[in-house]
Amino acid sequence: MHDIRFIREHPEAFDTGLKKRNLPPIAAELLEIDTRRRAAISESEAAQARRKALSRQIGMVKGKGEPADALMAEVAALEESLKKGEAEAQRLDEELTRRLEVLPNLPFDDVPDGTDETGNVEIRRVGNQRNFAFAPKDHVALGEATGEMDFAAASKISGSRFVFLKGRLAKLARAIAQFMLDLHPSEEGGYTEVNPPFLVRDNAAYGVGQLPRFAEDMFHTDNGFWLIPTAEVPLTNLVNDTVLDEKDLPLRFTAWTPCFRSEAGAAGKDTRGMIRQHQFTKVELVSITTPEQSRDEHERMLSCAEEVLRRLDLHYRVVTLCTGDMGFAAQKTYDIEVWLPGQNMYREISSCSVCGEFQARRMNARYRAKEDRNVRHVHTLNGSGVAVGRALIAVMETYQDADGSIAVPDVLQGYMGGMKKIAKGE
């Protein structure tokens, strides 16, 4: 959520930020609503003050045994005026909130301009693409050949964009998740593991910016819950309506959870395989920091996500998302894109975003500064550390052999009971 005080003081900068987001200027409209809202509040406050003064005067007049009818009539008129003024102030406040809550965060100046993914800027590539002596298969062909990746059975009971993983592939997916859950809370990672709720109420989804704008992208239950689209929602809301102490920051949380997304608007897109599903699992990273820490924490979070791919020895690249491809709450986002040999392309496996105080304002998440003890909004960050399904895909396609077997990366063999290979048909 944007701070109307910032818009009052920096209307041109606000509109410039929206322009980078490919949105029209709106500061003047917001400030016009704000002006009327503040005027209604001032009028109500003046009416309240006049009513109090008249009440005291009525008491004095009655105490002298004098008539107070005229004064009482004025009080009655003020009561009616006050009700109308308060109602108008509330209406304008709600209108202003409705306008503000659907506006995305303003990007940093160093975020590249663009309208879609074609405007993203590659920063670096890490590792090398594997040279195959044969035509590499994609994960669907590899998985179905083992009999342990079953889309047809999932379609019968759940429809499209679901899958059954069985046997060794189910164990490999679990091994990848367990590997990440051991890595991120380590001394080097410093994240606290959390097992959060997978169902949340409106206020939690609103706090991170999912509601009201992205309701169609989520699944909703009949009794008022939302299935989480990512663990960012419950993890970030751990500080909802809280005043932290600066000495306790940064806070870092990680969690493995299922994630549920309706994929509204993705009809016909990535329908083959596990790339884009309604249900998938992910290990999430969330940080809560002071404003001074957030930029460095963003780089640190990116490094933690990259470490997963480095240890799995997967080739990837890091890109900075342009303003047109960046998420609603983000000020800046790095994507990690892993190389998938079976598809001959890079695919996103992690997004790491710094959100500033945008989410904190919606959640009323604050901290008390050490220096002056003033209360300020925290900064929030989130990132995938990483998506389990896409990591599984990358391992399968990168470590495949000509006979369709899949080698198990060294760092995962301990989680697989020493298994070194998933052989076709065994």
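1. Let's begin with helix α12 (residues 388–398), which lies across β8, β9, β11, β12 and β15. Its direction runs at about 35° to that of β15. Helices (H or I, at least four residues) and strands (E, at least two) are DSSP runs, numbered from the N terminus. Axes are lines fitted to C-alpha atoms, for helices over the stretch in contact, and angles run from 0 to 180 degrees between N-to-C directions.

2. A word on what we are looking at: this is a predicted model, in which local features need pLDDT of at least 70 and side-chain atom pairs count only at pLDDT 80 or more, while totals for chains, interfaces and linings use all residues. Residues are numbered from 1 along each chain as its sequence is written, and side-chain values use heavy atoms, with hydrogens and water left out.

3. Which strands make up the open sheet? Eight of them, in the order β1-β10-β11-β12-β15-β9-β8-β4, with mixed pairing. Two strands pair if DSSP finds at least two bridges between them. At the edges are β1 (121–126) and β4 (192–193), each pairing on one side only. Helix α10 (residues 294–312) also packs on this sheet, touching β1, β8 (251–260), β9, β10, β11, β12 and β15, and its direction makes about 5° with that of β15. Contact here means heavy atoms within 4.5 Å.

4. Strand β11 (residues 332–340) deserves a look, since nine of its nine residues are buried, where buried means under 20% relative accessible area (exposed is over 50%, partly exposed in between; 1.4 Å probe, protein chains only). In a regular strand the side chains alternate between the two faces of the sheet. Here both faces are covered: Lys332, Tyr334, Ile336, Val338 and Leu340 are buried on one side, and Thr333, Asp335, Glu337 and Trp339 on the other.

5. Strand β10 (residues 316–320) runs antiparallel to β11 and is joined to it by five bridges, with Tyr316 partnering Val338. Strand β12 (residues 345–354) is also antiparallel to β11, with nine bridges, and Glu337 stands opposite Glu348 in β12. β11 and β12 form a hairpin with four residues between them, and Asn344 in the turn has a positive phi of about 55°.

6. Elsewhere in the eight-stranded sheet, strand β9 (residues 279–289) pairs with strand β15 (residues 379–387) in the antiparallel sense over seven bridges. Lys282 stands opposite Ala387 in β15.

7. Back to α12, this time with a helix partner. Two packed helices are described by the angle between their axes and the distance between the axes. The axes of α5 (residues 139–146) and α12 come within 9 Å and cross at roughly 85°, so α5 is roughly perpendicular to α12 (65 to 115 degrees; under 35 is roughly parallel, over 145 roughly antiparallel, the rest oblique). His139, Leu142 and Gly143 in α5 meet Ile393, Met396 and Glu397 in α12.

8. There is a second open sheet to check: three strands in the order β7-β13-β14, with mixed pairing. Its edge strands are β7 (243–245) and β14 (375–377), each pairing on one side only. Strand β13 (residues 366–368) runs antiparallel to β14, with three bridges, and Arg366 has His377 as its bridge partner in β14.
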